[in-house]
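This report describes selected side-chain interactions in one protein model. Please keep the sequence and the coordinates at hand while reading.

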Amino acid sequence: MELKVGQIYKDRNSGAIFAITFVTKCNVSLIYNYGLTQLYCYVYDGNPFLFDKLLAEYPTWQQAVNSEEFKNGKI
């Protein structure tokens, strides 16, 4: 699984919905549908640590956060 900007996931621990806004080899930035933004610093080895269920993919993070999946948490 490749992490990409514009993907929407459901957090396996909390059930929260988030979109990926920035990805590098060592950083992933997220925005949750309740407004929190978070930056994770780690080396991505292809084994996601909290990226459980991919709900949707959009070309940009802006399109992702304006989507029904993000706003309503629809699966």
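## Basis of the model

The model is predicted, and local features need pLDDT of at least 70, side-chain atom pairs count only at pLDDT 80 or more, and totals for chains, interfaces and linings use all residues. Residues are numbered from 1 along each chain as its sequence is written, and side-chain values use heavy atoms, with hydrogens and water left out.

## Aromatic pairs

A pair of aromatic rings is described by the distance of the centres and the angle of the planes. Here, rings of Phe, Tyr and Trp (its six-membered ring) pair if their centres lie within 6.5 Å; planes under 30 degrees apart count as stacked, over 60 as edge-to-face and the rest as tilted. By this rule the count comes to three aromatic pairs. One of them joins Tyr9 and Phe18, which are stacked with 5.9 Å centre to centre and 20° between the planes. Tyr9 is buried at 0% relative accessibility, where buried means under 20% relative accessible area, exposed over 50% and partly exposed in between (1.4 Å probe, protein chains only). Phe18 is buried as well, its relative accessible area being 0%.

Tyr32 and Tyr34 also form a stacked pair, with 5.3 Å centre to centre and 25° between the planes. Tyr32 counts as buried at 4% relative accessibility, whereas Tyr34 counts as exposed at 55%. Tyr9, Phe18, Tyr32 and Tyr34 belong to one aromatic cluster.

## The salt bridge

Side chains of opposite charge can pair when their charged atoms come close. A salt bridge is defined here as a side-chain nitrogen of Lys or Arg within 4 Å of a carboxyl oxygen of Asp or Glu. A search of the whole structure finds one salt bridge. Its partners are Lys4 and Glu57, whose closest N and O atoms are 3.7 Å apart. Lys4 lies in the segment before E1 and Glu57 in strand E5 (residues 51-57), so the pair ties together parts that are 53 residues apart in sequence. Helices (H or I, at least four residues) and strands (E, at least two) are DSSP runs, numbered from the N terminus. Lys4 is partly exposed at a relative accessible area of 35%, and Glu57 is partly exposed at 43%.

Asp11 belongs to strand E1 (residues 7-11) and is buried, with 8% relative accessibility. A polar atom of the Asp11 side chain lies 3.1 Å from the backbone nitrogen of Ser14.

Ser67 is located in the loop between helix H1 (61-65) and helix H2 (68-72). Ser67 counts as buried at 4% relative accessibility. Its side chain reaches the backbone oxygen of Ala64 at 2.6 Å and the backbone nitrogen of Phe70 at 3.2 Å. Leaving aside neighbours within four places in sequence, Ser67 is in contact (heavy atoms within 4.5 Å) with Ile8 and Tyr58.

## Tyr40 in strand E4

Tyr40 is part of strand E4 (residues 37-41). The side chains of Tyr40 and Gln38 make a polar contact at 3.3 Å.

Definitions and conventions. A polar contact is a pair of N or O atoms within 3.5 Å; within protein, one must be able to donate a hydrogen and the other to accept it, and residues adjacent in sequence count only if both atoms are side-chain atoms.
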